[in-house]
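User: I would like to learn how to read the features of a structure, one at a time. Please start with the general idea and then turn to the case at hand.

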Amino acid sequence: MDHGKKKNAPLKKAGPLENKCTRRSFLKGVSIAAAAGSAGLVTGGCGSVASSEEAKLKWDEFFKKNYRLMTQEEKDATVARLEKLAKLRYGLDVQVSNQEPLDNVLYGYAFNITRCKGYMDCVEACVQENNLDRQSKTQYIRIFEMDSGQLDPTSGDGKYFHEVPVEDKFYMGVQCFHCENAPCIKACPTKATWQEPDGIVVVDYDWCIGCRYCMAACPYWGRRFNWGDPVVPKEEINTKQHYLGNRMRWKGVMEKCTFCVQRTRQGKLPACVDACPTGSRVFGNLLDPDSEIRFVLKNKKVFRFKEELNTDPKFWYFMD
Amino acid sequence: MTSNPKKGLIVFFSDCIRWSLSGGVVFYIYLAVLLALMGAGIYAYGHQFREGLIITGMSNIVSWGLYISNFTFFVGVAAAAVMLILPAYLYKDKDFHEVVIIGEGVAVGALVMCLLFITVDMGGPLKVWHMIPGIGLFNWPSSILTWDVLVLNGYLALNSLVPLYILYCNYHGRKPVGWKYMPFVFLSIFWAVSIHMVTAFLYQGLPARPFWNNPLLGPRFLASAFAAGPAVIMMVLIAIKESTKYPIDTTIFFKLKRIIVVAAVINLVMLFSEVFKEFYTFTHHSLSAQYLFFGLEGHDSLVPWIWTAIGLNILGTLLFAFAPTKSGSSYLMVAAVSLFTGIWIEKGFGLIIPGLVPSPMGEVVDYAPSSFEILITLGVLAAGMLVVTFLIKPALVILSRYKEGIKQPEADGL
């Protein structure tokens, strides 16, 4: 590009940019912007100023540490960069949270197989909430239609496409079970996936090298890989994001259910629990003796999937 | 080594490059084919780098495919160099000593392929540094993958440096000093077993995958490697014997043949044991074997492959076992190629794909590599062959000069 020349002419048009970009990056970008012409500048936010700013941000992002080794300042800095990058890329004001786990909280989940009727509202809510790739139709939750006489979802039909409920069938939901003894965490060569103090198994998308060993290690098929760049229509992007949760992913990284960390750490329920029309999904704090999840564990007959593998999932099934 | 200032490392390497590139028309055609395949592979990889692994045939169910299959197999080929190293250095077997350098060259080439296969399989190849201790986080000893990184790179170092030292000494007409390299030879013998056991443990250690979670996997990896690896080395030896003047004694073929037969028979016994376990009492955990050998829920893309593999395995084993005493090069070549191909199919995608199908949720899908994936795989194979060629050619020149005595024209009086 033509640097230096014609610096004066488009300055007027570039003026309003100062609100959006920092002064330093603005000045750095002016010469590039000059050559790029004015049309893109006015309409497209930061326009070409973006290219150099974006490159700088991406450079800093590339060399950052594993999330768990960052100081609070570094966490705040990366979150600020990510928000800026989202602004440049999608023109959206996203909020990327780095909220820490709440004290004395250990999340647990229970699924009522008597009540679930297989409507799959949970799946839809999860896709919306967690910015899941619409192109490959990524879903964290699977619902299996089961014949009576079975309790093992692997024998069920996970691809049913008809009106529900069907007589003599029942339904079992499956997602990441946030195992206490998670084989995926053990497998990861770079410690890019771990269990948070509140029990949520998370992935540092920036640290994941995409070897997919965790995927092979998971006995519950709880992980999803981004084979290509995920696509979410701009108007459908959920802008309330968490660093370890539903922020935008890209090709070549692993992702999974995070119990909606962006919601649950603010005291809300995961999107799937909120969306369930039948009340089959129970979520809460295992350390709170008065929580609903504790009530279920105490008063219902519960069981867990593939318990013989000693993964100790924090996800129970029960019936009324 | 450094006592000879006139012929330092630079001259050594430039001589090696010169010898690597010298050859007749056939050799240049061979080189051109390898370079063309590598070019096609690089082109395809460029595409994969931009678009992501979506251009492969892999999916969330079959999440490892052709790359990891080939990686697994070539770890075995690399490990098999020990079958030459052990008798050559430990038992001072003269015949093996003549060709041990070729085995080491094949091992280095195989390791280069392994590391390239791992690299092209990664979703974020630019983030490999996340694994380097110090600047990254190395999940050792918990993750078996980190063990594999250590043993593969260590084995590559051992198998590059020991021959380099010996050749460098021979280049100067000197005899290598035993204590300087023998400890590393001993180390590399144990190391060879470890690279294959650790690679087996990658799979064997996953209770999520009953097809892999089987204590026989590691030992069987070794048995098949000690059959397929020497078969590859035999193929290379035959090629050298037919196309160069380097003397290769026929007794070496008989000795290699004996190793191959023993290993191949043990491999077949273990295969039979596995098949018995899977099908005598058919359980849920046998579904992968059912998928592999007979097809499951109408998906049977691996069935013709695995039966071809078993046929080739048995054919190759029988050809080696009942070889006439004066078996010619072409006979041995047929036997080696069939055994190699059989084990390549069986230990490659015959092992990896059924481990992933049915999925942990019981779903069955078929996997077929995309054309880009095949191009990248061919490119990696060509790169490995190029490495083997460029290692073995100068090595043979140096060795034959050394054997001719210390009367080589360039030798400056040692």
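Analyst: Helices (H or I, at least four residues) and strands (E, at least two) are DSSP runs, numbered from the N terminus. From the N terminus on, chain B reads α-α-α-α-α-α-α-α-α-α-α-α-α-α. That comes to 14 helices and 0 strands in chain B. The model is predicted: local features need pLDDT of at least 70, side-chain atom pairs count only at pLDDT 80 or more, and totals for chains, interfaces and linings use all residues. Residues are numbered from 1 along each chain as its sequence is written, while chains are lettered from A and ligands numbered from 1 in the order in which they are written.

User: What is the radius of gyration of chain B, and what does the globule rule give for its 414 residues?

Analyst: The radius of gyration is taken over C-alpha atoms, and the globule rule is 2.2 Å times the number of residues to the power 0.38. For chain B the radius is 22 Å, close to the 22 Å from the rule for 414 residues, so chain B is as compact as a globular protein of that length. The C-alpha trace of chain B spans about 75 × 55 × 45 Å along its principal axes.

User: How do I read two packed helices?

Analyst: Two packed helices are described by the angle between their axes and the distance between the axes. Axes are lines fitted to C-alpha atoms, for helices over the stretch in contact, and angles run from 0 to 180 degrees between N-to-C directions. Angles under 35 degrees count as roughly parallel, over 145 as roughly antiparallel, 65 to 115 as roughly perpendicular and the rest as oblique. In chain B, helix α7 (residues 178-204) and helix α8 (residues 217-243) pack at about 135° with axes 8 Å apart. α7(B) and α8(B) are therefore oblique to each other.

User: Which hand does the crossing of α7(B) and α8(B) have?

Analyst: A crossing is left-handed if the near helix is turned anticlockwise from the far one by less than a right angle, and right-handed if clockwise. The crossing of α7(B) and α8(B) is right-handed. Residues in this contact include Phe201(B) of α7(B) and Phe221(B) of α8(B); two residues are in contact if their C-beta atoms, placed from the backbone, lie within 7 Å.

User: At what angle do the axes of α6(B) and α7(B) cross?

Analyst: The axes of α6(B) (residues 144-171) and α7(B) cross at roughly 150° and come within 9 Å. The two helices are therefore roughly antiparallel to each other, and the crossing is left-handed. By class, their contact has 20 nonpolar, 5 polar and 2 charged residues. Ala, Val, Leu, Ile, Met, Phe, Trp, Tyr, Cys and Pro count as nonpolar, Asp, Glu, Lys and Arg as charged, and the others, Gly among them, as polar.

User: Is Val162(B) buried or exposed?

Analyst: A residue is buried if 20 or more other C-beta atoms lie within 10 Å of its own, exposed if 12 or fewer, and partly exposed in between, with C-beta atoms placed from the backbone. Val162(B), in helix α6 of chain B, has 24 C-beta neighbours inside 10 Å and so counts as buried. Apart from neighbours within four places in sequence, Val162(B) is in contact with Tyr181(B), Phe184(B), Val185(B) and Ser188(B). Over chain B, 46% of the 414 residues count as buried.

User: How many residues of chain A are in contact with chain B?

Analyst: The contact involves 37 residues of chain A and 31 residues of chain B. On the side of chain A that touches chain B, α8(A) gives the largest share, 4 residues.
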